[in-house]
Amino acid sequence: MSRLGWDRPERSPAPVCGNVPLAPCAVAFVRVTAEPIESFPDAVVLRWRGPLDDGEMVDLVSSHGGTPVPGWWDEIRPHSLGWVTARIGDGTVVGFVNVVSDGGDHAFLVDTKTRGTHQRRKVATRVVNFAAKHAKAAGCEWLHVDFEPDLRSFYFDACGFQRTDAGLIHLPSLPV
Ligand SMILES: CC(C)(COP(=O)(O)OP(=O)(O)OC[C@H]1O[C@@H](n2cnc3c(N)ncnc32)[C@H](O)[C@@H]1OP(=O)(O)O)[C@@H](O)C(=O)NCCC(=O)NCCS
(Lines give C-alpha, C1' and ligand atoms only; values in the text may rest on other atoms or scores of the structure.)
Protein backbone atom coordinates (compact mmCIF):
# COMPACT_ATOMS: atom_id res chain seq x y z
CA MET A 1 0.00 0.00 0.00
CA SER A 2 1.39 3.37 -0.91
CA ARG A 3 1.76 6.16 1.60
CA LEU A 4 -0.09 8.73 -0.48
CA GLY A 5 -3.53 7.19 -0.62
CA TRP A 6 -3.13 5.17 -3.80
CA ASP A 7 -4.00 1.53 -3.50
CA ARG A 8 -4.30 -1.59 -5.61
CA PRO A 9 -7.77 -3.19 -5.44
CA GLU A 10 -6.93 -6.04 -3.04
CA ARG A 11 -9.53 -8.59 -4.09
CA SER A 12 -9.12 -8.15 -7.83
CA PRO A 13 -7.59 -11.08 -9.70
CA ALA A 14 -4.14 -10.53 -11.12
CA PRO A 15 -4.55 -8.67 -14.42
CA VAL A 16 -3.94 -10.70 -17.57
CA CYS A 17 -3.81 -9.95 -21.28
CA GLY A 18 -4.94 -13.11 -23.03
CA ASN A 19 -3.11 -15.76 -20.99
CA VAL A 20 -0.16 -13.50 -20.31
CA PRO A 21 0.02 -11.90 -16.85
CA LEU A 22 0.65 -8.20 -17.13
CA ALA A 23 3.88 -6.77 -15.77
CA PRO A 24 3.48 -5.11 -12.36
CA CYS A 25 3.90 -1.69 -13.95
CA ALA A 26 0.72 -2.34 -15.93
CA VAL A 27 -1.43 -2.92 -12.83
CA ALA A 28 -4.21 -0.36 -12.59
CA PHE A 29 -4.25 1.73 -9.42
CA VAL A 30 -7.31 3.43 -8.00
CA ARG A 31 -7.43 6.45 -5.74
CA VAL A 32 -8.44 5.66 -2.15
CA THR A 33 -10.57 8.61 -1.19
CA ALA A 34 -12.63 9.77 1.74
CA GLU A 35 -14.93 12.77 1.71
CA PRO A 36 -13.49 15.62 3.84
CA ILE A 37 -16.94 16.52 5.20
CA GLU A 38 -19.79 14.39 6.53
CA SER A 39 -23.12 15.78 7.79
CA PHE A 40 -25.72 14.15 10.02
CA PRO A 41 -29.44 14.79 10.60
CA ASP A 42 -28.75 16.12 14.11
CA ALA A 43 -26.76 18.98 12.49
CA VAL A 44 -23.39 17.55 13.50
CA VAL A 45 -20.84 18.13 10.72
CA LEU A 46 -17.54 16.26 10.68
CA ARG A 47 -14.48 17.63 8.94
CA TRP A 48 -11.05 16.11 8.30
CA ARG A 49 -8.28 18.68 8.85
CA GLY A 50 -10.90 21.43 9.19
CA PRO A 51 -10.18 24.78 10.82
CA LEU A 52 -9.76 24.64 14.59
CA ASP A 53 -8.07 27.33 16.62
CA ASP A 54 -6.36 27.06 19.95
CA GLY A 55 -9.09 29.00 21.77
CA GLU A 56 -11.71 26.53 20.54
CA MET A 57 -9.60 23.66 21.86
CA VAL A 58 -9.30 25.35 25.25
CA ASP A 59 -13.09 25.78 25.34
CA LEU A 60 -13.72 22.15 24.32
CA VAL A 61 -11.39 20.76 26.99
CA SER A 62 -12.95 23.00 29.67
CA SER A 63 -16.42 21.86 28.62
CA HIS A 64 -15.79 18.24 29.60
CA GLY A 65 -14.06 19.11 32.88
CA GLY A 66 -10.50 18.76 31.58
CA THR A 67 -7.63 21.10 32.30
CA PRO A 68 -6.90 23.08 29.15
CA VAL A 69 -3.38 24.22 28.33
CA PRO A 70 -3.46 27.34 26.14
CA GLY A 71 -1.08 26.92 23.20
CA TRP A 72 -1.23 23.11 23.33
CA TRP A 73 -3.12 22.64 20.08
CA ASP A 74 -0.92 25.13 18.20
CA GLU A 75 2.09 23.10 19.33
CA ILE A 76 0.60 19.68 18.53
CA ARG A 77 -1.02 20.40 15.15
CA PRO A 78 2.15 20.50 13.00
CA HIS A 79 2.85 16.87 14.03
CA SER A 80 -0.60 15.61 13.12
CA LEU A 81 -1.46 13.42 10.15
CA GLY A 82 -4.95 14.84 10.49
CA TRP A 83 -7.72 15.57 12.94
CA VAL A 84 -11.49 15.45 12.96
CA THR A 85 -13.70 18.26 14.19
CA ALA A 86 -17.41 17.87 14.88
CA ARG A 87 -19.34 21.13 14.80
CA ILE A 88 -23.01 21.95 15.24
CA GLY A 89 -25.06 24.54 13.31
CA ASP A 90 -23.77 27.63 15.13
CA GLY A 91 -20.17 26.49 14.60
CA THR A 92 -19.55 25.29 18.14
CA VAL A 93 -17.01 22.47 18.30
CA VAL A 94 -18.63 19.45 19.98
CA GLY A 95 -16.09 16.75 19.15
CA PHE A 96 -12.47 16.20 18.24
CA VAL A 97 -9.87 13.53 17.72
CA ASN A 98 -6.27 13.73 16.52
CA VAL A 99 -4.40 11.15 14.39
CA VAL A 100 -0.61 10.96 14.35
CA SER A 101 1.43 8.65 12.17
CA ASP A 102 4.85 7.05 11.78
CA GLY A 103 4.73 8.14 8.13
CA GLY A 104 4.10 4.55 7.05
CA ASP A 105 1.57 1.88 7.98
CA HIS A 106 0.84 2.98 11.54
CA ALA A 107 -1.50 5.67 12.75
CA PHE A 108 -2.28 6.49 16.38
CA LEU A 109 -5.53 7.92 17.66
CA VAL A 110 -5.11 10.43 20.49
CA ASP A 111 -7.12 12.97 22.49
CA THR A 112 -10.69 11.96 21.71
CA LYS A 113 -12.95 14.65 23.18
CA THR A 114 -16.67 15.41 23.21
CA ARG A 115 -18.18 18.63 24.59
CA GLY A 116 -19.69 17.96 28.01
CA THR A 117 -23.20 18.94 26.89
CA HIS A 118 -23.04 16.62 23.88
CA GLN A 119 -21.72 13.40 25.39
CA ARG A 120 -23.55 10.07 24.93
CA ARG A 121 -25.01 11.15 21.59
CA LYS A 122 -22.54 9.10 19.52
CA VAL A 123 -20.48 12.17 18.61
CA ALA A 124 -17.17 10.50 19.49
CA THR A 125 -18.17 7.24 17.80
CA ARG A 126 -18.75 9.14 14.55
CA VAL A 127 -15.59 11.21 14.99
CA VAL A 128 -13.42 8.10 15.51
CA ASN A 129 -15.03 6.28 12.60
CA PHE A 130 -14.40 9.28 10.34
CA ALA A 131 -10.78 9.51 11.52
CA ALA A 132 -10.30 5.81 10.72
CA LYS A 133 -11.62 6.30 7.17
CA HIS A 134 -9.20 9.14 6.60
CA ALA A 135 -6.23 7.30 8.09
CA LYS A 136 -7.01 4.48 5.66
CA ALA A 137 -7.30 6.91 2.76
CA ALA A 138 -3.90 8.34 3.73
CA GLY A 139 -2.40 4.87 3.23
CA CYS A 140 -2.14 3.66 6.83
CA GLU A 141 -2.82 -0.01 7.58
CA TRP A 142 -3.21 -0.01 11.37
CA LEU A 143 -4.91 2.41 13.75
CA HIS A 144 -3.74 2.15 17.38
CA VAL A 145 -5.28 3.56 20.54
CA ASP A 146 -4.81 3.21 24.29
CA PHE A 147 -7.18 4.24 27.04
CA GLU A 148 -8.29 3.82 30.65
CA PRO A 149 -10.28 0.64 31.47
CA ASP A 150 -13.57 2.52 31.92
CA LEU A 151 -13.55 3.36 28.20
CA ARG A 152 -13.30 -0.26 27.00
CA SER A 153 -16.92 -0.31 25.88
CA PHE A 154 -16.43 2.93 23.94
CA TYR A 155 -13.32 1.84 22.03
CA PHE A 156 -14.06 -1.91 21.68
CA ASP A 157 -17.84 -2.02 21.32
CA ALA A 158 -18.80 1.39 19.90
CA CYS A 159 -15.71 2.09 17.76
CA GLY A 160 -14.74 -1.48 16.80
CA PHE A 161 -11.12 -1.64 18.00
CA GLN A 162 -9.80 -5.16 18.54
CA ARG A 163 -8.12 -6.19 21.78
CA THR A 164 -4.38 -6.53 21.43
CA ASP A 165 -1.27 -6.73 23.56
CA ALA A 166 0.39 -3.35 23.87
CA GLY A 167 2.94 -1.71 26.12
CA LEU A 168 3.62 1.69 27.58
CA ILE A 169 6.53 3.38 29.36
CA HIS A 170 6.10 6.59 31.33
CA LEU A 171 9.33 8.20 30.19
CA PRO A 172 9.67 10.82 32.96
CA SER A 173 9.73 7.88 35.43
CA LEU A 174 12.80 6.35 33.78
CA PRO A 175 15.98 6.79 35.81
CA VAL A 176 18.25 9.22 33.97
C1 LIG B 1 -14.81 9.42 26.08
C2 LIG B 1 -15.63 10.42 25.27
C3 LIG B 1 -14.78 10.95 24.13
C4 LIG B 1 -16.87 9.69 24.72
O5 LIG B 1 -17.58 10.63 23.92
P6 LIG B 1 -19.15 10.47 23.56
O7 LIG B 1 -19.41 11.33 22.40
O8 LIG B 1 -19.95 10.69 24.77
O9 LIG B 1 -19.23 8.94 23.17
P10 LIG B 1 -20.40 8.19 22.38
O11 LIG B 1 -21.71 8.86 22.62
O12 LIG B 1 -19.98 8.04 20.96
O13 LIG B 1 -20.37 6.78 23.12
C14 LIG B 1 -20.75 5.57 22.47
C15 LIG B 1 -20.77 4.46 23.48
O16 LIG B 1 -19.48 4.32 24.10
C17 LIG B 1 -19.64 4.05 25.50
N18 LIG B 1 -19.17 5.17 26.30
C19 LIG B 1 -19.03 6.47 25.92
N20 LIG B 1 -18.54 7.21 26.93
C21 LIG B 1 -18.37 6.39 27.96
C22 LIG B 1 -17.88 6.57 29.28
N23 LIG B 1 -17.48 7.77 29.75
N24 LIG B 1 -17.81 5.49 30.09
C25 LIG B 1 -18.20 4.28 29.65
N26 LIG B 1 -18.68 4.02 28.40
C27 LIG B 1 -18.75 5.08 27.57
C28 LIG B 1 -21.13 3.83 25.72
O29 LIG B 1 -21.41 2.45 25.49
C30 LIG B 1 -21.73 4.68 24.64
O31 LIG B 1 -23.00 4.24 24.21
P32 LIG B 1 -24.32 4.64 25.07
O33 LIG B 1 -24.29 6.13 25.28
O34 LIG B 1 -25.45 4.18 24.19
O35 LIG B 1 -24.22 3.90 26.38
C36 LIG B 1 -16.14 11.58 26.18
O37 LIG B 1 -16.73 11.04 27.34
C38 LIG B 1 -15.06 12.57 26.59
O39 LIG B 1 -14.76 13.51 25.88
N40 LIG B 1 -14.46 12.36 27.78
C41 LIG B 1 -13.44 13.29 28.28
C42 LIG B 1 -12.11 13.14 27.55
C43 LIG B 1 -11.61 11.71 27.55
O44 LIG B 1 -11.52 11.07 28.57
N45 LIG B 1 -11.24 11.21 26.37
C46 LIG B 1 -10.76 9.87 26.16
C47 LIG B 1 -9.30 9.88 25.84
S48 LIG B 1 -8.71 8.17 25.60
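## Ligand shell

The shell around the ligand is made up of six nonpolar, six polar and five charged residues. Here Ala, Val, Leu, Ile, Met, Phe, Trp, Tyr, Cys and Pro are nonpolar, Asp, Glu, Lys and Arg are charged, and the others, Gly among them, are polar. The model is predicted: local features need pLDDT of at least 70, side-chain atom pairs count only at pLDDT 80 or more, and totals for chains, interfaces and linings use all residues. Residue numbers start from 1 along each chain as its sequence is written.

Around the ligand there are 17 residues, of which Thr114, Gln119, Ala124, Thr125 and Phe154 come nearest. A residue is near a molecule or strand if its C-beta atom, placed from the backbone, lies within 6 Å of it. At least two shell residues each come from strand E9 (106-114), helix H3 (123-137) and helix H4 (152-158).

## Fold

The protein has four helices and ten strands. Both are DSSP runs numbered from the N terminus, with helices (H or I) of at least four residues and strands (E) of at least two. Their order from the N terminus is β-β-β-β-β-β-α-α-β-β-β-α-β-α.

Contacts join residues whose C-beta atoms, placed from the backbone, lie within 7 Å. Of the contacts with a separation of 6 or more, 55% are between residues 24 or more positions apart.

## Burial and nonpolar core

Of the 176 residues, 22% count as buried. A buried residue has 20 or more other C-beta atoms within 10 Å of its own, an exposed one 12 or fewer, and a partly exposed one a number in between, with C-beta atoms placed from the backbone.

The largest nonpolar core has 27 residues, and Val84, Val97, Val127, Val128 and Ala131 touch the most other members. Strand E6 (45-48), helix H1 (54-63), strand E7 (82-87), strand E8 (93-101), E9 and H3 each give this core at least two residues. H3 has the largest share, eight residues. Such a core is a set of buried Ala, Val, Leu, Ile, Met, Phe, Trp, Tyr and Cys residues joined through C-beta atoms within 7 Å.

Leaving aside residues up to four places away in sequence, Val127 touches Leu46, Val84, Ala86, Gly95, Phe96, Val97 and Thr112.

## Positive phi

Asp111 lies in strand E9 and has phi near 60°, a positive value in a residue other than glycine. Asp111 is partly exposed because 17 other C-beta atoms lie within 10 Å.

Arg120, in the loop between E9 and H3, is a residue other than glycine that also has a positive phi, near 60°. Arg120 counts as exposed because it has 7 C-beta neighbours inside 10 Å.

Key: Contact = placed C-beta atoms within 7 Å.
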